[in-house]
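Visitor: I'd like a close look at just one part of this model. Pick a spot and walk me around it, please.

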Amino acid sequence: MGIWRSYRLRLARKRWRIRAFRKRRELSAVTNRTNLIRRTDILLFSTLRNERIRLPYFLRYYRDQGINHFLIVDNGSDDGSREYLAEQPDVSLWTAEAGYKRARFGVDWLNWLQMRYGHRHWTLVVDPDEFFVYPFCDTRSIRALTDWLDASSIRSFGAMLLDMYPKGEIDAQPYREGQDPMEIACWFDSGNYTIKRNATFGNLWIQGGPRARMFFPDRPERAPALNKIPLVKWHRDYTYVSSTHMLLPRGLNLVYDEWGGEKASGCLLHAKFLHTFVEKSAEELTRRQHYANSHEYRAYDAGLKDNPDLWCKWSEKYINWRQLEILGLMSKGNWA
Amino acid sequence: MTVGFIMLCHTALDRAAQVARHWATRDCPVVIHVDSRVGRHAYERLQRAIADLPNVDVSPRFSCEWGTWGLVAATQAAAELMLKRFPEVRHVYLASGSCLPLRPVEELRAYLDERPTTDFIESVTTEDVTWTVGGFDAERFTLRFPFSWKKHRRLFDGYVKWQRRIGFKRRIPDGITPHLGSQWWCLTRQTLSAILEDPKREVYDRYFRRVWIPDESYFQTMVRRYSRNVESRSLTLSKFDFQGKPHIFYDDHLQLLRRSDCFVARKIWPHADRLYKVFLASDSAGTAQTEPNPGKIDRLFAKAVERRTRGRAGLYMQSRFPNENWENGRTAQPYSVFEGFSEIFENFETWLAKAVGGRVHGHLYAPERAQFAGDETVYNGALSDSAALRDYNPKAFLTNLIWNTRGERQCFQFGPGDTQDIGRFLALDPNAQISVISGAWAVPLFRSNLNFSDIRKIAAKLQRIEGQHLHILRSPQLKARVRIWTMAEFVENPMEPLQTIIDEIGARGMRRLSEAPRMVDLTGFGRFLQNLKNQGMQPVLMGDFPAGDGPPNSNAARRGKPYLVK
């Protein structure tokens with residue numbers, strides 16, 4: 001890559017950082033417990049809106065994995081999410097009433113919080129419906145992973161978004177608070193993903209899964225991106241460019257091997273398709289605060305009108321990370 | 001007589017103290033060296049933690065940057081202290097702060113008592129070393145390395161390059177032959193003291209100070225001068241990955257470590273509570289005689305390195321996306337492509353499925369939809385039959401299909417009526433077995449009920465497309481196994497080519513084909529071709545069909561030989 005292009009990317013990165021810095025004013029702290037953060041803590045960053053029912057399990061899942069502190073931006077929830085989070089001893093909470101879209105779908109807010117609090121910490125950026133799975137996650141804490149990444153001089157860790165869905169109609173089995181969503185949405189597509197390389201940012205662009213299969217069979221190019229790099233040893237100069245799909249500087253996007261080998265990687269189990277999804281997609285459609293004119297939600301809405309059974313006879317039932325590794329969706333790399 | 005432990009520590013000092021206590025309370029003296037870069041608080045905490053143990057001491061501190069002399073200096077100082085303060089020590093065991101004893105000390109002591117004069121140290125001449133990472137073996141001893149590899153990589157590399165160019169070579173002092181090996185050793189008092197009290201030690205030390213990674217060569221070389229009995233292996237289980245950094249052990253390795261029968265393992269993750277609890281508690285001396293046997297662990301880590309460097313063939317995923325020609329196998333396993341067969345034979349797919357026992361698809365790249373076997377709309381791995389999804393990334397469609405159906409042979413039909421983008425990929429894939437009957441696309445036209453002018457147009461188009469496809473299949477870069485027959489050749493003698501293909505697939509029974517597929521009725525096909533010619537189109541890919549009305553004579557004297565490209 002030439003000097004000119006790398007200079008342009010450098011400018012772009014600075015621009016995103018300035019933007020994040022300016023957007024900090026849209027955030028107001030509800031409870032700021034960041035003074036509890038110790039030097040080696042692993043931090044989780046998230047933006048959410050009206051996810052009260054998911055929160056208890058979400059927090060428990062990541063506490064068990066070894067997250068030390070949660071930094072969360074609440075984008076105008078009115079279902080009690082804010083009050084619930086404010087009570088949690090390991091959560092620092094901010095609210096933002098401004099537009100989600102104008103903050104580039106929360107990226108600006110989180111970039112700012114990461115710049116301010118994430119410097120030199122391992123940071124995990126996930127949505128409340130994303131559950132991080134990494135090699136050996138059933139026997140080793142997330143710190144084992146980050147220690148190993150540190151020892152291997154690896155700064156970022158990829159985890160593909162894996163859409164999980166229930167068998168039968170999406171809202172047939174309602175989700176109860178505190179329940180493991182994977183008890184309901186335990187199915188996934190194992191082998192219909194397509195990959196392209198993004199020449200500018202050097203990341204992979206992965207599409208496919210049940211959303212491409214059901215909602216975008218005629219316009220595959222519009223199917224949502226599934227590549228994610230949620231776990232990064234943060235430095236204040238870093239910035240997410242578009243959701244957690246890609247970062248700058250672009251070296252952080254090189255979470256894949258180009259010479260035949262496999263790097264270690266994980267998955268984000270995406271429990272989007274619970275009964276809440278049907279209401280939510282209708283609401284998001286009217287709010288129009290989502291990516292690319294919410295075309296994704298429009299497609300869902302159209303798809304949901306007929307028969308929203310994402311399950312097919314080749315759907316795979318989720319067991320554990322080893323299953324995902326055997327199927328080739330993630331890899332242990334040289335971690336043993 | 002007992003064994004004394006030297007521990008080189010730089011992090012997780014609480015764990016080091018825990019292990020030191022384990023050894024010390026079992027009558028093994030311990031000398032701890034703490035990297036001088038460790039902060040005062042942590043160091044004092046360690047001192048407090050071991051204050052009540054009379055047979056634990058700390059040695060003078062050196063800065064131990066990786067790959068530098070500091071590590072050797074620290075070891076020397078600690079060894080001198082050990083030999084002076086604890087006269088009952090016969091063997092000195094060099095360990096690190098992240099080592100963990102796997103077997104009771106009693107067993108180690110018994111093992112060493114049986115071998116009172118043996119020095120356990122991996123010591124290999126530079127010619128025989130295969131494990132060095134970074135390309136230095138002999139050069140470690142003949143170049144100078146004044147710059148830090150970790151902090152000033154460019155200077156380091158540049159200086160090495162410059163020395164190579166001007167042909168600089170250090171002189172190796174007389175009396176030593178460079179040897180390399182794992183830095184974790186166990187030496188007898190006799191050998192160790194001879195090394196430390198060598199009259200020429202000054203000379204050797206000065207030389208090794210500028211050798212690259214002296215902790216892997218100083219004692220390994222010196223031991224050859226004095227030892228009467230070198231056992232060239234390390235008693236410490238320590239595995240390295242492809243970057244040369246040690247593999248780390250976690251709680252889930254417990255059973256593996258237990259069964260390895262090694263005395264000490266490195267490196268243990270400091271938070272592996274269960275490992276520390278289990279191995280520091282066990283004292284039951286039982287199998288004193290068993291030799292260390294790290295075979296299983298070796299295999300586990302060898303596999304990990306292989307996965308990292310070569311990966312799984314035919315897999316394209318988020319952390320493995322090889323550049324072209326670096327795939328180690330473009331697809332996961334062999335598959336077969338048939339072009340023109342289903343046009344010439346009736347129910348060819350059913351027949352083929354019976355003959356080879358694999359999965360036989362129709363035209364996977366048909367323009368309307370992927371014709372999966374059994375007319376499925378979704379296939380293994382939830383692969384959709386949507387043409388748009390498939391054509392969005394035709395290569396991924398194929399690699400996904402082959403990956404998803406590992407263990408089952410896939411066959412599919414292909415032809416000039418299909419989306420052609422995949423052609424090049426097929427030709428370059430060694431797993432592809434491609435059999436072509438050129439010109440067979442004319443048969444459906446011949447049997448169709450279209451106006452002849454339309455037929456002529458379609459025929460011209462299909463012939464052009466197939467011509468291009470054949471051109472790809474004849475390219476010099478070809479990797480696939482390709483056989484091409486013209487239609488005329490094939491219909492004369494269809495059984496022999498079929499038998500060859502089926503044999504190569506390696507079908508279940510490996511017996512001769514008993515039942516031939518039924519060929520469609522070609523009566524009048526020659527006439528049909530002549531009509532095309534008469535209309536100004538030149539059908540060439542079928543080969544020579546007589547223009548007569550009768551069926552092509554399969555008993556003709558001229559027997560078509562299939563030709564094998566490649």
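Visitor: Which residues does A:W94 touch, not counting residues up to four places away in sequence?

Guide: Leaving out residues up to four places away in sequence, A:W94 touches A:L27, A:S28, A:A29, A:V30 and A:V73 (touching, or contact, means that the C-beta atoms, placed from the backbone, lie within 7 Å). Some ground rules: residues are numbered from 1 along each chain as its sequence is written, while chains are lettered from A and ligands numbered from 1 in the order in which they are written. Also, this model is predicted, so local features need pLDDT of at least 70 and side-chain atom pairs count only at pLDDT 80 or more, while totals for chains, interfaces and linings use all residues.

Now, back to the tryptophan. You'll find A:W94 in strand β4 of chain A, which covers residues 91-96 (strands are DSSP runs of E, at least two residues, and helices are runs of H or I, at least four, numbered from the N terminus). A:W94 counts as buried because 21 other C-beta atoms lie within 10 Å; the cut-off for buried is 20 or more.

From here, hop over to A:M115. Between A:W94 and A:M115 there are 21 residues in sequence and 15 Å in space, C-alpha to C-alpha. A:M115 is one of the residues of α4(A) that meet α1(A). On the α4(A) side, A:D108, A:W109, A:N111 and A:W112 join in too. Facing them from α1(A) are A:W16, A:R17, A:R19, A:A20, A:F21 and A:K23. Sorted by class, this contact has six nonpolar, one polar and four charged residues.

How do the two helices lie? The axes of α1 (residues 3-23) and α4 (residues 107-117) of chain A come within 8 Å and cross at roughly 90°. That makes α1(A) roughly perpendicular to α4(A), a label for angles of 65 to 115 degrees.

While you're in chain A, have a look at its open sheet of three strands, ordered β6-β15-β8 with mixed pairing (two strands pair if DSSP finds at least two bridges between them). β6 (130-133) and β8 (159-163) of chain A are the edge strands, each pairing on one side only. Neighbouring strands in this sheet are turned by 25° against each other on average, ignoring direction. β6(A) runs antiparallel to β15 (residues 266-270) of chain A, and four bridges join them.

How values were computed. Axes fitted to C-alpha atoms, helices over the stretch in contact; angles between N-to-C directions. Buried ≥ 20, exposed ≤ 12 C-beta atoms within 10 Å, placed from the backbone. Contact = placed C-beta atoms within 7 Å. Parallel < 35°, antiparallel > 145°, perpendicular 65-115°, else oblique. Nonpolar A, V, L, I, M, F, W, Y, C, P; charged D, E, K, R; others polar.
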